[in-house]
Amino acid sequence: MTLAITNTLTGKKEPFKPLGDPVTMYVCGMTPKDRPHLGHAFMFVHMDVIRRYLEYRGFAVRHIQNFTDIDDKIIDRARAAGRDPLDWSREYTEAYFDVMDRLRVRRAHEYPLVTANIPGIMEDVQELIDAGHAYPTSTGVYFDAATFEDYGALSGRTEEDGAAGARIAVDDEKRDPRDWAVWKLDNESSVAWDSPWGRGRPGWHIECSTMIRRTLGEQIDIHGGGADLMFPHHENELAQSEAATGCQPFVSYWVHTGLVLTDGEKMAHSLGNFTTTADVLTDVPPDVLRLYLLGVHYRSTLQFSMEAIEQTRTGYDRLVAVTRARGGNAEGDGSVLESEGSAARQAFESAMDDDFNAPRAIGALFEFGRAINRLAPSCSAADVEKAQGTLTSLLGVLGIELREPDTASDDATPFIDLLVQLRQQLREARQWELADRIRDDLDALDVVLEDKPDGTVWRRG
RNA sequence: GGCGACGUAGCCAAGUGGUAAGGCGGGGGUCUGCAAAACCCCUAUCCUGGGUUCGAUUCCCAGCGUCGCCUCCA
């Protein structure tokens with residue numbers, strides 16, 4: 001079985017054939033204008049898993065992710081708040097790292113910024129003009145969509161669609177309604193650069209074309225982003241890049257993640273209906289949130305609900321419980337458990353090979369967890385530990401760790417131990433009523449007691 | 001209006017031309033002093049109507065519904 005990836009450009013699942021070593025992966029990052037919401041978390045966690053799985057499969061991956069640290073929205077918001085735009089975008093860039101680090105999204109190898117790539121952007125704009133793909137007007141420099149034959153291929157839009165759908169104010173200077181700015185003239189903003197076409201800043205799409213070219217080259221393996229970036233962002237990026245470099249295809253696999261919906265509508269900063277990732281993480285452990293986000297295929301729409309996250313929390317706790325299983329028979333035959341382990345790995349890989357089907361992979365891991373619990377009593381400690389190791393390492397490929405609630409720095413521990421001992425004596429004296437009361441009262445304090453054949457164990461609920 | 005996606009049990013969610021993973025919840029058991037945990041069993045005519053087929057939830061058409069994109073967007 002080989003890895004196959006759905007490519008938005010063709011709409012088909014295609015065998016993965018990297019251009020070279022390392023695999024080049026570019027993920028469209030945030031425009032840091034507000035705190036990252038669950039839609040961002042969904043996208044970045046899935047992209048993280050894609051990278052992790054490629055590495056698990058033995059590919060070296062070079063992962064670049066940008067920040068569009070200057071754009072119209074950032075300028076508007078900063079101005080409304082009386083703040084410096086770059087200071088504003090830095091603040092939310094930090095907010096991104098803060099939350100994604102906690103979610104264990106691995107850091108990209110490089111995070112290019114628009115503001116640090118202005119000379120390169122200007123070079124590319126000039127190149128497009130020289131090649132006849134872009135032209136200056138009184139408001140900026142525009143890409144001439146008609147000069148790019150395949151325009152519309154990525155989003156499946158024809159020329160007529162584009163013309164009919166052009167809902168922005170008509171700009172008489174534009175040669176075609178589909179044309180877009182690669183350079184915007186602006187003398188008002190504090191954030192602007194002098195250019196051969198006048199003072200201004202880059203248009204929205206050109207930065208990615210430039211940064212990809214400068215960091216990864218003219219052709220890359222994987223380009224990821226949310227489905228809402230397909231058009232116009234990626235469509236325009238593709239046109240610019242191929243027009244500038246002449247290399248085709250610009251991207252081997254266009255990978256788009258589904259959108260997160262809340263109350264039946266897209267979660268978005270602009271709609272004001274977002275739940276921030278940080279808010280969820282105040283009472284949901286990062287691993288639970290990851291498991292929740294990965295419970296939906298990356299291309300699907302996720303209908304966010306707190307109820308579903310809570311359901312995931314219970315499931316996660318069951319996986320954690322698997323790590324508590326202990327072998328019960330030193331002489332036991334571990335071969336059955338071992339074959340369960342290899343079956344689980346096989347199921348996991350075949351699911352992930354099939355367009356990174358994390359939900360199916362997770363299903364296989366739950367089944368394996370059940371097998372470990374079932375077989376542990378008849379297996380040796382070493383066999384059980386080995387199986388648990390397989391489980392945790394496969395979960396690790398998804399970036400999920402199994403953690404007991406933290407009790408390390410718990411002042412109450414000696415007192416709880418004392419109560420448990422006391423209760424044990426009561427049980428031996430068959431004082432069930434008192435013993436049960438201690439158990440119930442501790443339970444109310446989130447301390448769960450379990451009476452096992454060889455003694456009572458407790459843990460934080 | 002144009003283009004596209006989706007509609008699977010109470011909830012979340014995979015999947016397949018030959019009668020449907022997994023998780024949560026619910027029911028019943030085993031174990032236990034009783035519990036808890038764990039394990040076992042049960043819990044879906046796959047939106048509707050046509051068509052293709054020996055056979056469709058899976059392919060095609062239509063309808064209904066939901067959502068997305070159509071230059072803010074992950």
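Start with the charged side chains of chain A: select Lys and Arg, which count as positive, and Asp and Glu, which count as negative, leaving out His and the chain ends. There are 49 positive and 76 negative side chains, and the centres of the two sets lie 3 Å apart, each charge being placed at NZ of Lys, CZ of Arg, CG of Asp or CD of Glu.

This is a predicted model, in which local features need pLDDT of at least 70 and side-chain atom pairs count only at pLDDT 80 or more, while totals for chains, interfaces and linings use all residues. Residues are numbered from 1 along each chain as its sequence is written, chains are lettered from A and ligands numbered from 1 in the order in which they are written, and side-chain values use heavy atoms, without hydrogens and water.

Now show the whole of chain A as a C-alpha trace, which spans about 95 × 50 × 35 Å along its principal axes. Colouring by secondary structure brings up 15 helices and 15 strands, where helices (H or I, at least four residues) and strands (E, at least two) are DSSP runs numbered from the N terminus. Of the 461 residues, 51% count as buried, that is, under 20% relative accessible area with a 1.4 Å probe and protein chains only.

Next, select residues 335-353 (helix H11) and 358-375 (helix H12), which pack at an angle of about 175° with their axes 8 Å apart; the axes are lines fitted to C-alpha atoms over the stretch in contact, and angles run from 0 to 180 degrees between N-to-C directions. That makes H11 roughly antiparallel to H12, a term for angles over 145 degrees. With contact taken as heavy atoms within 4.5 Å, the residues of H11 that meet H12 include Val336, Leu337, Ala344 and Phe348, and among their counterparts in H12 are Ala361, Leu365, Phe368 and Ile372.

Stay here and pick Phe356, in the loop between H11 and H12. Phe356 has a positive phi of about 55° although it is not a glycine, and it is buried, with a relative accessible area of 2%. Then move to Arg104, in the loop between helix H3 (85-102) and helix H4 (118-130), where phi is near 60°, again positive in a residue other than glycine.

Finally, look at two peptide bonds. The bond from Asp21 to Pro22 is cis, with omega near 0°, and Pro22 is found in the loop between strand E2 (12-15) and strand E3 (23-27). The bond from Phe231 to Pro232 is also cis, with omega near 5°, but Pro232 is found in helix H7 (residues 230-245).

Terms used:
Buried means under 20% relative accessible area, exposed over 50%, partly exposed in between (1.4 Å probe, protein chains only). Angles under 35 degrees count as roughly parallel, over 145 as roughly antiparallel, 65 to 115 as roughly perpendicular and the rest as oblique.
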